[in-house]
Structures are given as structure tokens and as C-alpha cells.
Amino acid sequence: MTQRIAIVTGGSRGLGKNAALKLAEKGVAIILTYHSKHQDADAVVREIEEKGVKALALQLNVGDSASFAAFAKEVKQQLQHVWQRDSFDYLLNNAGIGINAPYTEISEAQFDELVNIHFKGPFFLTQHLLPLLKDGGRILNVSSGLTRFALPGYSAYAAMKGAMEVLTHYQAKELGERGITANIIAPGAIETDFGGGAVRDNEALNRAIAGQTALGRVGLPDDIGQAIAILLDDGLGWMNAQRIEVSGGMYI
Ligand SMILES: NC(=O)c1ccc[n+]([C@@H]2O[C@H](COP(=O)([O-])OP(=O)(O)OC[C@H]3O[C@@H](n4cnc5c(N)ncnc54)[C@H](OP(=O)(O)O)[C@@H]3O)[C@@H](O)[C@H]2O)c1
């Protein structure tokens, strides 16, 4: 089988890092992006390379769509330089931040930051990378359980994720002629740095969510990383335009 290559945005920490490692365990080469944590990204690259798989880290601000043309050019050069390829196979639009602010108080600046990172960013980043995504390739976007159930403070964040779910349908429809699938994974609450690490570090919150989860605990990065590696497996190539929630049965 030819070497598969995945681009993982936000691969320096949390779910993106875990997914990159799980994909690498399946032999998938990784181009991961980071925003500010260069050293963390380099450490992930080393960890992947210890598994005998090639990886590299590129800086990217998904909130800055003006930078995407240059980023795509850099990806093209690296594909050629490292793999002697002019395409990659999987795009995981994962990078993101959490802002918790009540609907009555959230500012326009906070809204703009969320929309740029969580909707406009993946919308246009994918558009810029499409010429490099192989025919028959895969797009996997990342949503949240918060599009199905409402928790106070997440109106803007969850609305952007909802927009990504709609976009995923349209990507599947319009890119089907190239054999490209588009799906979206919706994790429940997971212990990462996300939103200041609240799910991991706030014991009361952790317990409360565990109590509302059928499997009796909050999610761990491994729960999502391994799901992503499965969702991008060849055996699921016929799955298209789907929202797949991976939450242990949160708020059911
Ligand atoms: N954790 C959860 O409970 C949860 C639940 C549902 C959905 N999600 C979604 O899962 C995704 C990953 O979250 P996580 O929990 O892994 O978060 P995390 O641990 O905080 O990691 C965030 C990642 O995104 C990158 N990033 C942040 N802002 C960026 C920007 N402006 N441009 C480019 N990259 C940026 C970070 O890069 P640096 O390391 O360089 O800062 C880091 O790699 C997000 O889309 C989030 O909305 C998370």
C-alpha cells in the first residue's frame, strides 16, 4: 500500500496530538500544525518518528485566512521534498480554542475569534488545500457534543461547530465527484488543555459530567485519537457526510 499522509491541524497538544500518534501507529505519515507551542510540536514529531514514521511540524494560525495560500505552498513544497509526492490523503481540521462566556455577555471580539478559528478557518483552509488533497482522500472535521445538547456559556462556540456540521454535508456533496469524503467527529467532554483544562482540572465539573455520561467518566484523549484513526481507516471509505458523536453517551 502506498504511504498515506495526513495533515492534522492543532497537532501539538490534546486531541490532535493523540490522533497524530494513533494514525502514525497505523503507518500514516503526519504533517502536523501548531499555533504557538513550537517545542511541543517538535516533541510530537520526535515521538512519531520513534514509531518509524515520517512527520513534520508547520506553524499555522487557523484564525488567519490570509496566511492560507502561503501555508498551502509550504505544504506542497514539503510533500515534494520529504515524500516526493504532490498530494496528501487525509485532512483533520482539529485546531481550536474554547471560550466560555454567557450569551448575554459574550463580546463581538470573542465571537469573531471563535468564528475565525472554528468556522472561517477550516472553511477556507480546506478550500486552499483541496488542490493537494488526493482524489479519493478524506476530510474529517471536528465538532462537539455541544451541538446536540446545550450547556451555558457555549452559544458562540457551539454555533460555529454547528456551522461546521452543515459545511461537512456540503463538502461531501460537492467533493464526491473527486471521490473525497467529508465527515465530522463530535467528541464529548475530554480531559485536555481545552478551555483552560477545566474538564481535567476542575474536580466538581469532571464529576458532574461523569455523572451525566452513560459510561460513567469523562473522555480521555485516547478515546478520541483512536476513534479518529478508525474513522480514517480504508474500511470506512464508504461512510460519508456523517456526524459521529464519540462521547461515552454524554447527556443521553
Ligand atoms: N477537549 C474537549 O473537551 C473537546 C470536546 C469537543 C470538541 N473539542 C474540539 O477538539 C479540538 C481540539 O481540542 P483539544 O481539546 O485538543 O484542545 P487543546 O488541548 O487546547 O489543543 C488545541 C490545539 O489547537 C491549536 N490551536 C489553538 N489555537 C490555534 C490557532 N489559532 N491556530 C492554529 N492552531 C491553534 C493548539 O496549538 P498550540 O499548541 O501551538 O497552542 C493545539 O495544538 C478543537 O476543535 C475543540 O473544539 C474538544
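Q: What does the UniProt annotation "domain: Ketoreductase" cover, and what makes up that stretch of the chain?
A: According to the UniProt record, an unreviewed entry, the annotation "domain: Ketoreductase" covers residues 4-193. In this predicted model, the chain over residues 4-193 is 44% helix and 20% strand, with the end C-alpha atoms 29 Å apart.

Q: How confident is the predictor in the chain, and where is confidence lowest and highest?
A: The chain averages a pLDDT of 98, and 100% of the residues score at least 70. Confidence is lowest in H6, at a mean of 95, and highest in S6, at 99. Where pLDDT is low, predicted coordinates should not be read in detail.

Q: What makes the pair of Tyr157 and Phe194 a link between distant parts of the chain?
A: Tyr157 lies in helix H5 (residues 155-175) and Phe194 in helix H6 (residues 194-201), and the two are 37 residues apart.

Q: Why is Tyr157 called buried, whereas Phe194 is called partly exposed?
A: Tyr157 has a relative accessibility of 6%, which is under the 20% cut-off, and therefore counts as buried. Phe194, with a relative accessible area of 32%, falls between 20% and 50% and is therefore partly exposed.

Q: Which residues do ring pairs link into a cluster, and why are Phe123 and Phe124 called partly exposed?
A: Ring pairs link Phe119, Phe123 and Phe124 into a cluster.

Q: How do you know that the span of H5 is close to the expected one?
A: H5 has 21 residues and reaches 30 Å from its first C-alpha to its last, which is close to the 30 Å expected at 1.5 Å a residue.

Q: Which residues of H5 are buried, and what do they pack against?
A: The buried residues of H5 include Ala156, Tyr157, Met160, Met164, Leu167, Gln171 and Leu175. The buried residues of this helix pack against helix H4 (108-129), strand S5 (133-142), strand S6 (181-187), H6 and strand S7 (243-246).

Q: Why is Gln171 called buried, and what does its side chain join in a polar contact?
A: Gln171 is found in helix H5, and its relative accessible area of 8% is under 20%, so the residue is buried. Its side chain and that of Asn141 are joined by a polar contact of 2.9 Å, a value within the 3.5 Å limit. Leaving aside neighbours within four places in sequence, Gln171 is in contact with Thr126, Ile139, Asn141, Gly176 and Ala182.

Q: Why is Ala214 called exposed, and what does it touch?
A: Ala214 sits in the loop between helix H7 (203-211) and helix H8 (221-231), and its relative accessibility of 55% is over 50%, so Ala214 counts as exposed. Not counting residues up to four places away in sequence, Ala214 touches Gly248, Gly249 and Ile252. The C-alpha atoms of Ala214 and Ile252 are separated by 7.5 Å, although these residues are 38 apart along the chain.

Technical notes. Residues are numbered from 1 along each chain as its sequence is written. This is a predicted model: local features need pLDDT of at least 70, side-chain atom pairs count only at pLDDT 80 or more; totals for chains, interfaces and linings use all residues. Side-chain values use heavy atoms; hydrogens and water are left out. Helices (H or I, at least four residues) and strands (E, at least two) are DSSP runs, numbered from the N terminus. Buried means under 20% relative accessible area, exposed over 50%, partly exposed in between (1.4 Å probe, protein chains only). Rings of Phe, Tyr and Trp (its six-membered ring) pair if their centres lie within 6.5 Å; planes under 30 degrees apart count as stacked, over 60 as edge-to-face and the rest as tilted. A polar contact is a pair of N or O atoms within 3.5 Å; within protein, one must be able to donate a hydrogen and the other to accept it, and residues adjacent in sequence count only if both atoms are side-chain atoms. Contact means heavy atoms within 4.5 Å. The expected span of a helix is 1.5 Å times one less than its number of residues. pLDDT is the predictor's confidence in each residue, from 0 to 100. UniProt positions are given in the numbering used here, feature names are shortened, and annotations may be inferred rather than shown by experiment.
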